[in-house]
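Welcome! Take a moment with the sequence and the model, and then let's walk through them together.

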Amino acid sequence: MNTSLLDPYGWSDRWAAVLHAVSPDAQAARVLRHDGVALLVATAEGERAVPLRPNLDPMPVVGDWLALDTDDRVAQVLPRVSLLRRRAAGRDEEQAIVANVDLVVIVCGLDRPVVTGRLERFTALARDAGARPAIVLSKADVTTDAAARRAEVEAGAPGIEVLVVSTVDRSGVAEVRHLVAGRSVVLVGESGAGKSTLLNALADDDVAATGAVRGRDNKGRHTTTARHLHPLPGGGVLIDTPGVREVGLWVDVDAVADTFPEIDELAPSCRFSDCAHDLEPDCAVVGAVAAGTLAAARLDAWRAMRDEAQAAARRSEAVARRRPDRQGRKAVRDPLRDDRP
Ligand SMILES: Nc1nc2c(ncn2[C@@H]2O[C@H](COP(=O)(O)OP(=O)(O)OP(=O)(O)O)[C@@H](O)[C@H]2O)c(=O)[nH]1
Ligand SMILES: [Mg+2]
Ligand SMILES: [Zn+2]
């Protein structure tokens with residue numbers, strides 16, 4: 001197979017081995033867009049639409065690699081290396097957003113206040129997905145205190161790379177280009193944050209539509225309506241997504257610990273190994289707040305996220321109990337890890 005048309009979409013020896021293990025005769029395709037009844041995919045012969053079978057499990061999402069049979073039907077979704085997911089609004093069900101991304105870039109416009117809670121939720125979702133989070137503060141040209149606001153965000157997001165960018169004066173664009181080069185990346189953030197504008201700057205082309213924010217409150221108008229994967233000229237792919245107002249959490253407790261590493265590091269010094277850092281005696285975390293080495297707001301945010309993660313875990317256990325037959329079908333085998341003949 002000549003893969004020169006597929007390589008820009010992230011095709012690699014690894015995916016070739018996975019496909020070969022699943023079905024040596026199948027054709028590889030990556031999902032670029034999901035149109036309800038059809039998928040726009042990239043193949044070794046170029047981009048095209050393929051029909052979507054309703055009984056596929058799992059259902060393909062943007063970023064997935066597929067095995068196509070000779071009739072161009074989706075035979076199988078290749079085992080995913082990462083999956084960004086959230087709780088569907090109003091329902092206790094997991095909603096897959098994009099698959100096989102290495103990096104989740106959280107975009108926040110400096111034309112509005114940076115909401116720390118939203119950053120924490122997105123970083124937890126990225127970690128839960130098995131991807132690395134990074135933060136891009138966009139529209140640096142509209143503010144005079146970009147450096148101070150970056151320092152503030154960095155203090156609240158230990159260990160996470162924070163970049164400041166303006167697509168108007170192009171400052172910081174080269175750094176973002178360097179960050180995303182060669183990777184599979186998804187852009188997330190509020191409507192109007194500048195995700196599609198950043199994509200166009202990185203693609204050196206107007207590949208995505210952008211829309212002005214409302215004058216009154218800088219809120220976006222939900223210009224992007226579907227997730228779409230675009231190859232970048234310098235290598236790597238970028239998935240643009242519609243802005244989201246509220247991020248439902250579907251994270252496990254480990255992802256919360258990763259989001260608050262400084263609290264996780266203090267926990268072993270608490271008197272009780274299962275300390276909830278509430279009213280327990282000799283709690284190192286509460287002690288750090290009293291000593292001024294940990295911000296009280298960080299502990300409050302940690303508690304809120306821990307409560308949500310625990311509630312989500314209880315709900316998903318209840319759902320699993322109601323549908324025991326789904327468990328087996330949902331598990332995806334990684335053919336590279338399967339020892340059976
Ligand atoms: N001043 C300034 N404006 C910007 C910058 N980047 C984006 N914008 C403007 O912000 C507005 C929203 O940009 P979009 O790229 O459409 O935002 P989005 O995040 O894709 O929004 P949705 O598709 O609705 O989720 C547009 O009017 C852009 O021109 C920037 O660096 N500086
Ligand atoms: Mg957009
Ligand atoms: Zn404690």
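**A sheet and a ligand**

Visitor: Over how many bridges do strand β1 and strand β4 pair?
Guide: Strands here are DSSP runs (E, at least two residues), numbered from the N terminus, and two of them pair if DSSP finds at least two bridges between them. Strand β1 covers residues 27–34 and strand β4 covers residues 65–68. They run in the antiparallel sense, and the number of bridges is four.

Visitor: Before we go on, what kind of model is this?
Guide: Residues are numbered from 1 along each chain as written, chains are lettered from A and ligands numbered from 1 in written order, and side-chain values use heavy atoms, without hydrogens and water. Local features need pLDDT of at least 70, side-chain atom pairs count only at pLDDT 80 or more, and totals for chains, interfaces and linings use all residues, for this model is predicted.

Visitor: Which residue of β4 stands opposite Gln27?
Guide: Look along the antiparallel pair of β1 and β4. Opposite Gln27 you will find Leu68.

Visitor: Which are the edge strands?
Guide: The open sheet has five strands in the order β3-β2-β1-β4-β5. An edge strand here pairs on one side only, and that points to β3 (46–51) and β5 (74–77).

Visitor: How far from an oxygen atom of ligand 1 is the polar side-chain atom of Ser191?
Guide: Polar contacts to the ligand are pairs of N or O atoms within 3.5 Å. A polar backbone atom of Gly194 is 2.9 Å from a ligand 1 oxygen. For the Ser191 side chain, the distance is 2.6 Å.

Conventions:
A polar contact is a pair of N or O atoms within 3.5 Å; within protein, one must be able to donate a hydrogen and the other to accept it, and residues adjacent in sequence count only if both atoms are side-chain atoms.
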